[in-house]
Amino acid sequence: MTVYDVKRRAFGEDAWSFPADDEALPQGPAAITKARFLRDRETLLARNAPLGLVLVAGETFDGIENDLNRFDLIALKFLRYADGRPYSLARLARERHGFKGKLRAIGDVLRDQITLMLRAGFDALQPTHEGTIAALRDGKIVTVDHYFQPATREEREEGGYAWRRRPA
Amino acid sequence: MSKAAKPFRPVAITANDLRSGIVVFRTETGDWVKDATRAEIALDPAKAETLLAAAKLDHDRNIVVEPVAVAFDPESRLPVLLRERIRAQGPTVAIPGSV
Amino acid sequence: MYRYDEFDQSFVLERVAEFRDQVARRLSGELTEDQFKPLRLMNGVYLQLHAYMLRIAIPYGVLSSRQMRKLAHIAREYDKGYGHFTTRQNLQFNWVELARIPDLLAELAEVEMHALQTSGNCIRNVTADHFAGAAADEIVDPRPYAEILRQWSAIHPEFTYLPRKFKIAVTGAPHDRAAVQVHDIGLHAVRGPGGKTGFAVYVGGGQGRTPLIAHKVRDYLPEEDLLAYCEAILRVYNLEGRRDNKYKARIKILVHEKGKAEIAAAIEAEFAQLKGKTLNLPEADVQAISAYFAPPSLEQLAATSAALETAKAANKALERFVRHNVTAHRNAGYGVVTVSLKPIGEPPGDATAAQMEVVADVAERFSHSEIRVSHEQNLVLPHVKLDEIPALFAELAKHNLATPNAGLVTDIIACPGLDYCALANARSIPVAQRLSERFADIARQEEIGDLKIKISGCINACGHHHVGHIGLLGVDQKGKELYQITLGGSADEHTSIGEIIGPGFPTDKVVDAVEAVIDVYLGLRKGPEENFLDAYRRVGAEPFKAALYADA
Ligand code: SF4
């Protein structure tokens, strides 16, 4: 029970494997690094199973923008929660490149950032912090639900958006 | 490059109380008090390490924050550096409105 | 001024509840100090030299009497009876208990205030011209835009974990009183084609360790693009700003290292994608917010007040006060009054609870309950009838709030320094106090004229020493306090960074050194009309160096 699905509001088993770059791909859904994707693009895309992409903070979509929708999963790694680059990447994936698959936040994800992550377009969380896992499981996240500015989540709401604040 | 061993200077352990934030010093009995002159002073490096290790336990037990060893003058029973004396004794300027 | 509605209220209350939960988790031990620290910083809570310090946001420096009374109450109930107004138009309390901060914040929320984004690596409290909406030279009132930016940046989902803090300032008069060119983004509102409002946009200014003047990236940005453009700047910064070294993490370093042209191109490319979409700022929205900032109903009055002129003739102190502390108002018969928080020999920017209450009262009586906090650490009453200035002056004088020194040599900016600040190298306040006492004689101050002395206790430059006409920077030299002097800085529309004049001075020599600098100036100026900065720009550093280091 390691991955929290935002829509279902529940943890579930992880269907994805994350093989190292020099490991052969297993059967079933597999998520790979950007380097591996660039190296073996044709073979990977020809493969008959869901493909995922893992980016660590500092990597960008440069050079693979047009391939993003070939992935069923994009996992963005938070090495330190204070490194906020994945928020921008998440919004770019959703808003600019129209990514429709699962967007997962992995790593140093604390409950205090979860609302921000959801608003930036993440819809799956894989935290390592025990307290956060427990709080998610027990539905005990205390957070600010009102917001002023549009982000990914709001942009997809019905009826478009003006920049003005909305109640939760 | 060989480092010349610095001569040891006596130290005491100070921190901030987690709840209130006020500056506190660690006494011989392991209590944390506001009064710097009641601080236990370590006169050798081994003792200094023991005291700091004990203080770090109190940090981990969420009693105090950021414990450090500061150079202490055994005569005056006050810290040596200006910064630490100000921490121990309060601002050098009058508190506005106080008479 | 801006009034919170139900939405803002819920937002702030949710934030209080969130922080209460975070504090509880810290006190129970669920959160370690390392995990808690960034969270408390997002709420303006620092652990300072003596205790926790809480920095309260005063958006663009605007306060009501009601809010000021609440601040006085908090000073008494939660602190030692005073607060410190900062160079970022905020208020700091120095002695608050962590366990009580959630209650304190709940009290603040009652008057629509909070401590959000007053620290941490996020978009900080937006600052603006403290004479906004009142000054005679104003072209565009910056407050509605500052408020819109405040809303846009409040807990921004993308920009809350930036490489470093991010400061935005807005001004709307040709004379820049908001120091926009030393901010991460500086916005100088102008009227463009067809009288439409837009902004000259500056990026990458800042003080601190590496003082840099901002680059102008747009001469005219149409109002409707304001948010999209800011979002573009922030996105480029969030993705590309350095995260490997906190001293090189501000956007000014990014601009400096990559080059102005490249960063401007990256911003424009991102902006091209965002323009005209969800962040478009329709005129109707601007008008809706501007309505909150409609001027109070002021009377039609004669340009001069006979009552004031008569009172001035009879009272030299009042005459001085008016000359130095009253600025032209855009409405005839009114003045903008500076309430000096720099009484001779007192810590700059500090106000006691009693003084806060007095200011709240006089603002209610004389200034439509409006108060401003200036980045020069004074308070401002923006709309005072000239007729009523004598009564106001008498009231302020009773409480040591009528020092007639706005803009003069004793109107010193000083950060808290080593008396309060955990990062300090040297004390700032005692130096400010001694300088203030040295130049206490008002006639001498008037002879010296416009002069800005600014003091920082360390290179973080909270005392803005880089842009002081005379700047003092405290450094630590083997446990001794030393003060480095810079000359020729300025933070207005002709921004310049002061030059270091030579080796620093120990604490017992620094006041003499500043006096020597001023004496050199008095000796070489063309006349009283040539102020210190102009004279310095004309003659350069040499004459000052010669006087200061004659024996060297
Ligand atoms: S300039 Fe330095 S000493 Fe002064 S308040 Fe800022 S951090 Fe503290």
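In this predicted model, the axes of helix 1 (residues 6-28) of chain C and helix 4 (residues 101-110) of chain C come within 9 Å and cross at roughly 175 degrees, the axes being lines fitted to C-alpha atoms over the stretch in contact, with angles running from 0 to 180 degrees between N-to-C directions. Because angles over 145 degrees count as roughly antiparallel, helix 1 of chain C is roughly antiparallel to helix 4 of chain C. Helices here are DSSP runs (H or I, at least four residues), and strands are E runs of at least two, numbered from the N terminus. On the helix 1 side, the residues in contact include Val12(C), Phe19(C) and Arg20(C), and on the helix 4 side they include Asp103(C) and Leu105(C), contact meaning heavy atoms within 4.5 Å.

Turning to the interface, 23 residues of chain B are in contact with 31 residues of chain C. The area buried between these chains is about 2300 Å², of which carbon and sulfur atoms give 63%; buried area is the accessible area (1.4 Å probe) lost on putting two parts together, summed over both. Arg19(B), Val93(B) and Pro96(B) supply 24% of what chain B buries against chain C, more than any other three residues.

Strand 1 (11-17), strand 4 (64-73) and helix 2 (82-89) of chain B each give two or more residues to the side that touches chain C, and helix 2 gives the most, with 4 residues.

Residues are numbered from 1 along each chain as its sequence is written, and chains are lettered from A in the order in which they are written. Local features need pLDDT of at least 70, whereas totals for chains and interfaces use all residues, and side-chain values use heavy atoms.

Notes
This is a predicted model: local features need pLDDT of at least 70, side-chain atom pairs count only at pLDDT 80 or more; totals for chains, interfaces and linings use all residues. Angles under 35 degrees count as roughly parallel, over 145 as roughly antiparallel, 65 to 115 as roughly perpendicular and the rest as oblique.
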